[in-house]
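User: Hi! Could you walk me through this structure while I have it open?
Analyst: Happy to, just ask away.

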Amino acid sequence: MNGPLVILKLLKKTYPNAKYYLDFKTSLDLMVAAILSAQVRDEVVNECTKELFNHYKTASDYTKASVDDLLKYVSKVTFAGNKAKNIIAACKLLVEKHNGKVPKTIDELIDLPGIGRKTAIVILTNAFNIVDGVVVDTHVIRTSYRLGWTKNSNPEKIENDLNALIPKDWWKQTQWLLKAHGRAVCRAPVPVCSSCAIANFCPKAGVEKSN
Ligand code: SF4
């Protein structure tokens with residue numbers, strides 16, 4: 001069994017309820033939540049989208065909204081105005097080019113305003129179960145570096161490193177598990193290595209003492 005797999009299995013035992021944290025019912029909900037989530041805690045996004053999703057159910061609904069209309073629901077997220085603008089523009093493209101549906105390829109998704117590669121993979125993985133790579137968020141960047149799974153800081157290079165190291169059937173849950181671990185124990189800026197279930201496998205174990 002390869003090293004990362006041993007660690008991921010231990011993390012799965014430690015965080016059996018780890019899952020994708022943003023609330024959504026449809027792929028459109030997830031696209032909107034994912035656009036809102038850049039540099040915002042998931043709890044804040046979920047709080048905003050509860051009401052937003054009750055009012056806007058289709059891409060066409062969003063195309064009829066103004067930025068101010070959306071701000072009534074999403075003003076608590078950072079860069080709310082820009083994100084609201086991107087949501088409306090993305091939904092206009094969905095209506096014009098994709099029959100109002102969220103597309104199912106990375107290339108089509110990254111054509112939409114407010115959606116980069118990470119967000120595209122998030123949508124494909126969690127809305128459609130199309131797993132094209134490991135989602136690399138801030139927790140994945142930090143924990144995978146500490147675990148020695150990558151020496152890169154560029155998210156696309158980190159994704160390539162992780163895709164090569166981790167068996168494909170674990171790609172989907174890798175982000176869920178590393179995020180759960182990053183929030184609970186392998187925190188920024190200082191990890192709590194003394195409470196870490198995978199310390200025996202980590203080259204940076206004990207780093208807390210040297211900080
Ligand atoms: S031993 Fe420390 S640095 Fe390594 S994964 Fe655990 S908490 Fe993170």
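User: What do the buried residues of α8 pack against?
Analyst: They pack against α2, α7 (106–110), α10 (155–165) and α11 (171–184). Contact here means heavy atoms within 4.5 Å. Helices (H or I, at least four residues) are DSSP runs, numbered from the N terminus. One caution: this is a predicted model, in which local features need pLDDT of at least 70 and side-chain atom pairs count only at pLDDT 80 or more, while totals for chains, interfaces and linings use all residues. Residues are numbered from 1 along each chain as its sequence is written, and side-chain values use heavy atoms, leaving out hydrogens and water.

User: Which residues of α8 are buried?
Analyst: T119, A120, I121, V122, I123, L124, T125 and N126. Buried means under 20% relative accessible area, exposed means over 50%, and partly exposed is in between (1.4 Å probe, protein chains only).

User: How far apart are the end C-alpha atoms of α8?
Analyst: They are 16 Å apart, and that agrees with the 16 Å that its twelve residues should span at 1.5 Å a residue. The expected span is 1.5 Å times one less than the number of residues.

User: What comes just after α8?
Analyst: N129, which takes a positive phi of about 55°.

User: Okay, over to α2. How many residues of that helix are buried?
Analyst: Nine of the ten residues of α2 (residues 27–36) are buried, so the rest of the structure largely encloses this helix. The buried ones are L28, D29, L30, M31, V32, A33, A34, I35 and L36.

User: And what covers them?
Analyst: The cover includes α3, α4, α5, α6 (80–98) and α8 (117–128).

User: Let's do charges. How many salt bridges are there?
Analyst: There are seven salt bridges, each one a side-chain nitrogen of Lys or Arg within 4 Å of a carboxyl oxygen of Asp or Glu. One of them joins the side chains of R183 and E43, at 2.9 Å from N to O. This pair links distant parts of the chain, with R183 in helix α11 and E43 in helix α3, 140 residues apart.

User: What else does R183 do with its charged end?
Analyst: The charged end of R183 sits over the ring of Y21, 4.4 Å from its centre. The rule for this is NZ of Lys or CZ of Arg within 6 Å of the ring centre and within 35 degrees of the ring normal. K12 also lies over a ring face, that of W170, at 5.8 Å from the ring centre.

User: Why is Y56 called buried?
Analyst: Because its relative accessibility is 11%. Y62 is buried too.

User: Last one: how many disulfides does the count come to?
Analyst: Zero disulfides, taking a disulfide as a pair of cysteine sulfur atoms within 2.5 Å. The sulfur of C91 is 16 Å from the closest cysteine sulfur, in C48, so a bond is ruled out by distance. C91 counts as buried at 0% relative accessibility, and C193 counts as buried at 14%.

Note on methods:
Helices (H or I, at least four residues) and strands (E, at least two) are DSSP runs, numbered from the N terminus.
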